[in-house]
Amino acid sequence: MSLMTLAASGNTPSIPAPQIEYGQLSPMLIVFGTAVVGILLEAFLPRRLRHPAQVGVALLGLAGAFAAVLVLAIQGYGGTRSGLLAMGSVALDGPALFLQGVIILASVLAVLSYAERGLDPRIDGVPQDPFTAQAAATPGGEQEQLATRAGFATTEVYPLTLFAVGGMLLFPAANDLLTMFVALEVFSLPLYLLCALARRRRLLSQEAAVKYFLLGSFSSAFFLFGSALLYGYSGSFRLPEIADAISGTAPITPALANTTQNDALLLIGLAMLAVGLLFKVAAVPFHAWTPDVYQGAPTPVTGFMAAATKVAAFGALLRVFYVAFPGVRWDWRPVMWGVAILTMVAGAVLAVTQQDVKRLLAYSSIAHAGFLLTGVIATNRQGIAAVLFYLLAYALVTLGAFAAVTLVRDSRGEATHLSSWAGLGRRSPLLAAVFALFLLSFAGIPLTAGFTGKFAVFQAAAAGGAIPLVIVGVLSSAVAAFFYIRVIVLMFFSDPQPNGPAVVIPSTATATVISVAVAATLVLGLAPQYFLDLASKASMFVR
Amino acid sequence: MNSLIPLLIAAPLAGAALLLLGGRRLDRSGHWIGVLAAAVSFAFGLVLFFQMLGRPVSQRAVDVKLFSWISVGGFQANAAFQLDQLSIVFVLLITGVGSLIHVYSVGYMAHDERRRRFFGYLNLFLAAMLLLVLADNYLLLYVGWEGVGLASYLLIGFWQHKVSAATAAKKAFIVNRVGDVGLSIAIMLMFTQFGSFTFSQVFAAAPQESRGGLTAIGLLLLLAACGKSAQVPLQSWLGDAMEGPTPVSALIHAATMVTAGVYLITRSNAIFDLAPDARLAVVCVGAVTLLYGAIVGCAKDDIKKALAGSTMSQIGYMVLAAGLGPIGYVFAIMHLVTHGFFKAGLFLGAGSVMHGMNDEVNMRYYGGLRKHLPITFATFGLGYLAIIGFPGLSGYFSKDRIIEAAFAEGGTEGWILGLTALVGAAVTAFYMTRIMLMTFFGERRWQPDGKGELPHPHEAPRVMTLPMIVLAVGSVLAGGLFTINDAFVNWLTPVTGHSEGNSPLSSGTVTLITIVCMVAGIGVSYLVYGRSAVPVNPPVGSALTRAARRDLLQDDINHALLVRPGSALTAALVYFDVKGLDGVVNGVSATIGGLSSRVRRVQNGYVRSYALSMFGGTLVLVATTLLMRSV
């Protein structure tokens, strides 16, 4: 009523200008700005310059954003200092900054593997990147062939990715549910598009994109519905204010007097919010999209999604549960126990019978979501630190593994069927050894990054009183080890197929990705203390 | 100048690395690199020896810490070396005899296409052996101990194309492993009991330790020594080890490596002095082995195996002496050094004979070689006189003192040990005379080789005879030089301690009896092998002879006592593993696999089903959350 009155009266209302802390927000602003520059480059640069320019600008922008994260860390935001930005809608604290750093690192590696043009054979002398020449062309049609001949390239992937990265940076830092929702959509929409852009097997790729889009929208609706219910309960979207409402210390808005303190709203809202987030981390039973999308999407995009999305989504999950809902943890913990157990067991068991490397890694990522959930359920600082470290290790190893998958190719592109990986260790001992290292890390074998991460989350969960969860976790790790090691056995102890795939020698871009991932696997496995300390320092949420 | 100590080891180690990694381009010059590395090490050893001579007695032992090797909490291990009077004796023996044998090998291995690798392994052996005797703690000693084991394995099996060589290498390695386990457990015990395994700290802490603990450590060290030094009951590998090239038998399986057990016991004298029960065990092992080896040596027709039996027997003397405590340590080491000279010389002589006889090793096919191989005959003969203890030669001085020390142990024990040693001396004279007579005297019994040609024995080239001559000189003079003014005793006393003991017999009496025993041995041998022709085909012989030909049934005993129960246990475990464990594992895996393929069908690819499953999941989640509140 009052709004209408104001409009009718014709008075210019004085809207107070929001206070924006540009310096503290700079990682996100730089990434978004670079994305906009990328769009302009796409519009104005001649075609042959776009690829180098886009790659260069994207890497530059990410480097700038990482530098901004470092500056903020040096200023103490990685541990001792924290702040609420943009009128309290964005939080800057240890977990946010740590995860932003991880997301940017993962994005750099992802952009590098996007930029790989040495794997597909050249067509008419034009190098081919992993993305379709023209997304709008019918798969296999004449238009597509023409576009390929003409050397078209979908260089829009770089600005799209940067928008997604911007959203991901905001997601774990969002301090109210609306900002979080916006961030969710900002990073999801470009991902839906990116999934559809594979150069080979385009139908599969498009199918994946549509599935991801439909199910993603479905889950966003749950998230939004949950936010609405929570607003009804607390009268606020701000996470700290929801927490205050739960603890009963918040003032009651007269307009919401009927709904405030109605616990049904709180619990249903909480559950629906959780559904939206659990969908993004690929927890069972909201995981069904994962194998299909991971398999269909262009492999570099899969790597990016698997790594960066999981980091961002777990960041948001942690913030929601640790900032907004610590007061009702006795309500959500049992449910999350169930989800974690289901996720670990289903991920591990289902992976056992997979025949496709990318689907195998998808189920592995589901199982890892379960292991990470045990850290979330710990509900202690140790748990936060463990999840942060785990995400760092997992993201880097995952990118390396998917980059390695892109190298095993036959005439139809990537040879992802496991049977064609038989005897790979004899054809290319180096690649097989590297992939074996990644698998060992996924399996959590000591002296690799995966072991340190898994040990940290299980230790935190045990300290948080979730010992049965740890037991289930260890048992599913054992099941998971079976299928990881099965691949290693297949690579090293089976005879190669007569016309099996070949391992292509990549350009420096992919080689860099794999080398960084190998280095990270070993460093985080052999000398993890520095990073454990870093995560431990960063494990305090601002309220 | 103490920085020379690490260089002692570094020289042969670098040689080994160069030769083993250098590839084919070193094939033509490699052997000289190996010789140079050994010679350089020997030169360093000499420099260090003279420096040590120049220092007053109390400052002769020096310690050099190279770097901190392992540092975990209270577990501190340094790569540190200790050069004292005992180690320098070994250093000179190892590098000196080692260099001579390197030179000899240049000729002996001239026609072997893998000669470069052979020298690489020899250098590796030198480095490991030097590490063993220079380490200032048991852990580093253990590294050297395993290193010589490895080198021994590689060199015994050097002609790996021969099944017998490959098997012998494996046998040596496995039997040694039994002893090595003893050493490693001893080191663990030391760490738990003393908190350290540095010699100085262990020996300083030993007097506070209980007698039981010290006995346990002593017995474990003895087990280790038995393995490395081929003492009963771990003696079975040494005879087979003769499958290796003869220079290897001379250097590793006669002069140096097999004496590592004696070094270990002597080095650990502070422990053994406090553990009389362990010492008694040492003495028994030594006494039994000295007879065992001598008996085996009497029956073997293979010249190298006969010498191998002799080696066992002589090391038995050393172990016996070391077990006697302060009255024996010095003589154990002295006999070790003189034995190093004459046994290496004898083996090189045997190699020279084989070289001239188309690699024939059976002495029944020798005979009358003294005219054809004059230098070999002379050097071998001097070695022979030395080992049987001919008055004035090396063996006479060292063995005689051991026999005296055995009597000086006192009581019944002293009598038993003394008489055993005397019998041993007689048997030694018997089998060594037998070897001499069968090889160099009598009728020619040469047999045509595979191509039907009779051998044309000829003297070995200079590069082989020269080391033999040098070693023969050593066999003649070493003992006498050591005894002048009790030089050797005085030299080692600061490390091992020394006391004279009370012998019931005077020194002169013992010497006289020893000489009588020796002459008796020679006489019997002459009656059997000198007066009548040696049959080409071995006679059936008595039960003892037949047993001795089979190494006193050592392999049959091992087979019955260890191999058969071991195989049975393995079979039982395999059965349990296949039927029990694998059953469970396969069952679990089949269950999970079945579950997986069943649940997999839910993933049908239809987005509507996925959405439905999400919706159902949400319902369950919401319902459970609400339910949690109401219960």
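View 1. B:Arg629 is partly exposed, with 34% relative accessible area (buried is under 20%, exposed over 50%, partly exposed in between; 1.4 Å probe, protein chains only). This is a predicted model, in which local features need pLDDT of at least 70 and side-chain atom pairs count only at pLDDT 80 or more, while totals for chains, interfaces and linings use all residues. Residues are numbered from 1 along each chain as its sequence is written, chains are lettered from A in the order in which they are written, and side-chain values use heavy atoms, leaving out hydrogens and water. B:Arg629 forms a salt bridge with A:Asp331, closest N and O atoms 2.6 Å apart (a side-chain nitrogen of Lys or Arg within 4 Å of a carboxyl oxygen of Asp or Glu). That pair runs from helix H13 of chain A to helix H24 (residues 607–630) of chain B (helices are DSSP runs of H or I, at least four residues, numbered from the N terminus). A:Asp331 is buried, at 7% relative accessibility. B:Arg629 also meets A:Asp263 in a salt bridge, at 2.4 Å from N to O.

**View 2. A salt bridge inside chain A.** Here A:Asp292 and A:Lys211 pair at 2.7 Å, N to O. Helix H11 holds A:Asp292 and helix H8 holds A:Lys211, 81 residues apart. Both residues are buried.

**View 3. A pair within chain B.** B:Asp556 and B:Arg550 form a salt bridge, with their closest N and O atoms 3.1 Å apart. B:Asp556 is partly exposed at 32% relative accessible area, and B:Arg550 is partly exposed at 49%.

Terms used: Helix = DSSP H or I, 4+ residues; strand = E, 2+ residues; numbered from the N terminus.
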